[in-house]
Amino acid sequence: MTAAIEVENLRCEFRVHTGLMSAEKRVVAVDDVTFSVPAGSVLGIVGESGCGKSTLARLILGLLKPTGGSVLVDGKRLFDLDRKARARLIQPVFQDPFASLNPRRRIKDIVALPLTAQGTFSRAEVERRVGGILERVGLSAAMGERMPAQLSGGQRQRAAIARALVLEPRIVICDEPTSALDVSVQAQILNLLAELRRDLGLTYLFISHNLAVVEHVASEVAVMYLGRFVERNETDALFRSPRHPYTKALLESVLTPEPGKGVPDIGLGDAMPDPSNIPPGCRFNPRCRIAVERCRHEPPKPMVRAPQGMVECHLA
Ligand SMILES: Nc1ncnc2c1ncn2[C@@H]1O[C@H](COP(=O)(O)OP(=O)(O)OP(=O)(O)O)[C@@H](O)[C@H]1O
């Protein structure tokens, strides 16, 4: 199957000053991440708070400049494209629709913005497309006249999805798209995203703390730890027979659904991962229940298993 998106050796380092006299710290938030996603499928990305999921999303969206690496969408190098061209290929749906929708504009104007920003669509075309996509996500024309505050959380997320899709992108990056919603609404939004993917041939990167959600929506899952993918496999295989000790610990735990609430206790002791101080050897070794001497000094190489499966562990 052809890849809709190919990410190669993507890396992001932040330089952080911790105090007036202190030395600069290097935070490696995304560390040489390589993957591709077949067209029309969903790659779920899971991992604890702070493992680099959102940084990865922001890099791919062009909201952050990478320290290295490349991203190809349909064979085009994303970082060589200008903002308008990138917007036609890749769009985000973020966690909090209230924060991501301008509170002072009507819904239909918010949804129209990606089109008007292109500067190439006539007013009639903008109206036609906005009307079509609002209907497609289940919002009436009357809702389009409202302000974000006049909509429910689920309706606002529908509007955010409409805005993401109005330019007919190839890839949608969903970063915790249902975490801020009531449980009863979450399933509706997940079903809508699934329908849209099928009908419009979209490819999703789906970032979530919620393993149950990822198991439900993803074709494949990548497990991220301290900026790297440490395991990746088809969803059923990953949930049925995880190979990395970190994946096993994650599956035994229930992760906190709220980002920013700190690293949840997943029963791996208190040696919390710190991207400014990545341990030598396998980066997971200080928390690993089965680490041996080799793990403390030799970083494991990715072991690839056809077609997409991968694990980085000496003992897997
Ligand atoms: N602008 C920045 N400057 C310095 N460090 C940063 C910056 N942005 C992110 N980081 C650090 O990079 C690491 C990865 O952060 P990121 O937000 O990508 O994690 P995450 O997995 O998305 O977490 P969460 O689920 O809580 O949002 C964290 O240690 C974070 O503190």
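Two residues are described here as in contact if their C-beta atoms, placed from the backbone, lie within 7 Å.

## Basis of the description

This is a predicted model, in which local features need pLDDT of at least 70 and side-chain atom pairs count only at pLDDT 80 or more, while totals for chains, interfaces and linings use all residues. Residues are numbered from 1 along each chain as its sequence is written.

Helices (H or I, at least four residues) and strands (E, at least two) are DSSP runs, numbered from the N terminus. UniProt, in an unreviewed entry, places the feature "domain: ABC transporter" at residues 5–251; UniProt positions follow the numbering used here, feature names are shortened, and annotations may be inferred rather than shown by experiment.

## The four-stranded sheet

An open sheet is formed by 4 strands in the order β2-β1-β4-β5, with antiparallel pairing. Two strands pair if DSSP finds at least two bridges between them. At the edges stand β2 and β5 (76–77), each with a single partner strand, so one side of each is left without a neighbour in the sheet. Helix α1 packs on this sheet and touches β1, β2 and β4 (68–73); the direction of α1 makes about 70 degrees with that of β2. For such angles, axes are lines fitted to C-alpha atoms, for helices over the stretch in contact, and the angles run from 0 to 180 degrees between N-to-C directions.

The antiparallel pairing of β1 and β2 extends over 11 bridges, and Glu13 stands opposite Val28 in β2. Strand β2 also holds Asp32, which has a positive phi of about 60 degrees although it is not a glycine. With 15 other C-beta atoms within 10 Å, Asp32 is partly exposed. A residue is buried if 20 or more other C-beta atoms lie within 10 Å of its own, exposed if 12 or fewer, and partly exposed in between, with C-beta atoms placed from the backbone.

## The ligand shell

There are 15 residues around the ligand, and Phe14, Ala29, Ser49, Ser54 and Thr55 come nearest. A residue is near a molecule or strand if its C-beta atom, placed from the backbone, lies within 6 Å of it. Two or more residues of the shell come from each of β1 (3–17), β2 (24–38) and α1 (53–60). Helix α1 gives the most, with 3 residues.

By residue type, the shell divides into 7 nonpolar, 7 polar and 1 charged. In this grouping Ala, Val, Leu, Ile, Met, Phe, Trp, Tyr, Cys and Pro count as nonpolar, Asp, Glu, Lys and Arg as charged, and the others, Gly among them, as polar.

## The eight-stranded sheet

A further open sheet has 8 strands in the order β6-β7-β8-β3-β9-β10-β12-β11, and its pairing is mixed. Strands β6 (90–93) and β11 (303–305) stand at the edges with a single partner strand each, so one side of each is left without a neighbour in the sheet. From one strand to the next, the twist averages 20 degrees. Helix α1 lies across β3, β6, β7 (171–175), β8 (203–207) and β9, and runs at about 150 degrees to β7.

## Strand β9 and its partners

Strand β3 (residues 42–46) runs parallel to β9 (residues 220–225) and is joined to it by 4 bridges. Across this pairing, Leu43 stands opposite Glu220 and Ile45 opposite Ala222.

Strand β10 (residues 228–234) pairs with β9 in the antiparallel sense over 6 bridges, with Val223 opposite Glu231 in β10. The two strands β9 and β10 form a hairpin with 2 residues between them, and Leu226 in the turn has a positive phi of about 45 degrees.

## Two loop residues

Glu168 lies in the loop between α7 (153–165) and β7. Its phi is near 55 degrees, a positive value in a residue other than glycine. Glu168 counts as partly exposed, with 13 C-beta neighbours inside 10 Å.

Pro302 is found in the loop between α12 (293–297) and β11, and counts as partly exposed with 15 C-beta neighbours inside 10 Å. Leaving aside its neighbours within four places in sequence, Pro302 is in contact with Met310 and Glu312. Pro302 and Leu63 are 239 residues apart in sequence and, from C-alpha to C-alpha, 28 Å apart in space.
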